[in-house]
Amino acid sequence: MNVACIQMEVMHCSKVDNFKKAMSMAANAVLSGADILVLPEVFTTGFCYERISHMAEEAPFPTLDKLIEFSKTNKCAVIGSIIEMQTQKAVPTYYNLGFCVEHGKLVGVHRKCHLFKKEQNYFSAGNSIHPIFLEKYGVCIGLEICYELRFPEISRKLALEGADILITIAQFPYPRNNVWKTLALARSIENQIPHIACNIVGSSPSLSFFGGSLIIDASGNILAEADEMESIIIHAIDLEKTTNVRSEITVFADRREDLYK
């Protein structure tokens with residue numbers, strides 16, 4: 001099973017151009033043998049707060065419809081996030097909606113639960129954290145979004161609930177490149193789980209981004225690492241490695257849950 005991180009520049013509020021670029025890079029990833037494709041956080045729009053009502057999508061989500069068709073045609077899975085709008089009594093509520101589509105259907109979502117600074121002024125927080133099962137591949141995905149990388153409780157919960165692969169989609173900016181890499185490695189090592197951490201490059205009106213996307217195995221070894229340019233990194237994920245690592249160093253069996261409450 002080959003996993004690809006599509007590290008792209010997300011142009012602020014440029015939904016059509018961003019989607020076109022993402023699909024071009026996704027097609028190249030499939031041609032290179034990728035089975036699971038990971039796109040960055042809010043990859044079609046960036047954090048376009050000034051036009052959020054125009055950028056957001058309501059169910060059944062036009063962008064996801066296109067990705068569902070892409071996943072069906074190319075027999076793959078695609079993971080990322082978009083801005084979601086829910087309307088009740090004419091009042092809009094917005095979420096950072098993580099999604100996973102697989103072989104022609106939407107198989108799961110994760111609404112970002114931990115909102116960073118300015119996000120709290122525009123988004124509502126999700127209230128559920130559970131793995132997403134990919135039926136065709138027989139694996140569970142633990143999806144977290146950007147700031148959630150800083151909360152070890154999230155990845156541990158996902159691992160305890162059976163996640164086989166941890167995926168973090170992000171817009172992590174300068175100067176926090178060392179923080180990004182350190183936390184991405186830590187989440188993998190402490191949970192003995194492969195980790196795909198997919199960031200963006202380029203800039204927004206107020207921030208610039210360093211890329212540095214990573215594919216990490218269950219031992220914490222870096223299998224593939226991106227630089228500061230747009231790129232696609234691809235590597236095979238061996239889930240037998242996870243079994244071997246966990247049998248050698250029995251972190252989960254040695255937990256003292258009675259002390260953690």
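Me: With which residues is His195 in contact, leaving aside its neighbours within four places in sequence?
Reply: In this predicted model, local features need pLDDT of at least 70, side-chain atom pairs count only at pLDDT 80 or more, and totals for chains, interfaces and linings use all residues. Residues are numbered from 1 along each chain as its sequence is written, and side-chain values use heavy atoms, with hydrogens and water left out. Contact means heavy atoms within 4.5 Å. Once the neighbours within four places are set aside, the partners of His195 are Glu144, Leu149, Leu166, Ile167, Thr168, Ala184, Arg187, Ser188, Leu214, Ile215 and Ile216.

Me: Is His195 buried or exposed?
Reply: His195 belongs to strand 9, residues 195–198; strands (E, at least two residues) and helices (H or I, at least four) are DSSP runs, numbered from the N terminus. Buried means under 20% relative accessible area, exposed over 50%, and partly exposed in between (1.4 Å probe, protein chains only). With a relative accessible area of 0%, His195 is therefore buried.

Me: Which side chain makes a polar contact with the side chain of His195?
Reply: A polar contact is a pair of N or O atoms within 3.5 Å; within protein, one must be able to donate a hydrogen and the other to accept it, and residues adjacent in sequence count only if both atoms are side-chain atoms. For the side chain of His195, such a contact is made at 2.8 Å, and the partner is the side chain of Thr168.

Me: With the side chain of which residue does the side chain of Lys112 make a polar contact?
Reply: Lys112 lies in the loop between strand 5 (105–111) and strand 6 (132–134). Its relative accessible area is 0%, so Lys112 is buried. Beyond four places in sequence, the contacts of Lys112 include Asn96, Glu119, Tyr147 and Glu148. The polar contact of its side chain, at 2.9 Å, is with the side chain of Glu41.

Me: Is Lys117 buried or exposed?
Reply: Lys117 is found in the loop between strand 5 and strand 6. Its phi is positive, near 45 degrees, although the residue is not a glycine. The relative accessible area of Lys117 is 62%, and the residue is therefore exposed.

Me: What is the phi of Val42?
Reply: Most residues other than glycine have a negative phi. Val42 lies in the loop between strand 2 (36–38) and helix 2, and at 0% relative accessibility it counts as buried. Val42 is not a glycine, yet its phi is positive, at about 35 degrees.

Me: Which residue does a cis peptide bond join to Pro175?
Reply: Most peptide bonds are trans. Pro175 is found in the loop between strand 8 (165–169) and helix 5 (177–191). The cis bond to Pro175 has an omega of about 5 degrees, and the residue joined to it is Tyr174.

Me: What is the omega of the peptide bond from Ala59 to Pro60?
Reply: Pro60 is found in the loop between helix 2 (52–55) and helix 3 (62–74). The bond from Ala59 to Pro60 is cis, with omega near 15 degrees.

Me: What is the radius of gyration of the chain?
Reply: The chain has six helices and 14 strands. The radius of gyration is taken over C-alpha atoms, and the globule rule is 2.2 Å times the number of residues to the power 0.38. For 261 residues that rule gives 18 Å, and the chain is as compact as a globular protein of that length because its radius of gyration is close to this value, at 17 Å.

Me: What percentage of the residues of the chain count as buried?
Reply: The C-alpha atoms fill a box of roughly 50 × 45 × 35 Å, taken along the principal axes. Of the 261 residues in the chain, the buried part is 51%.
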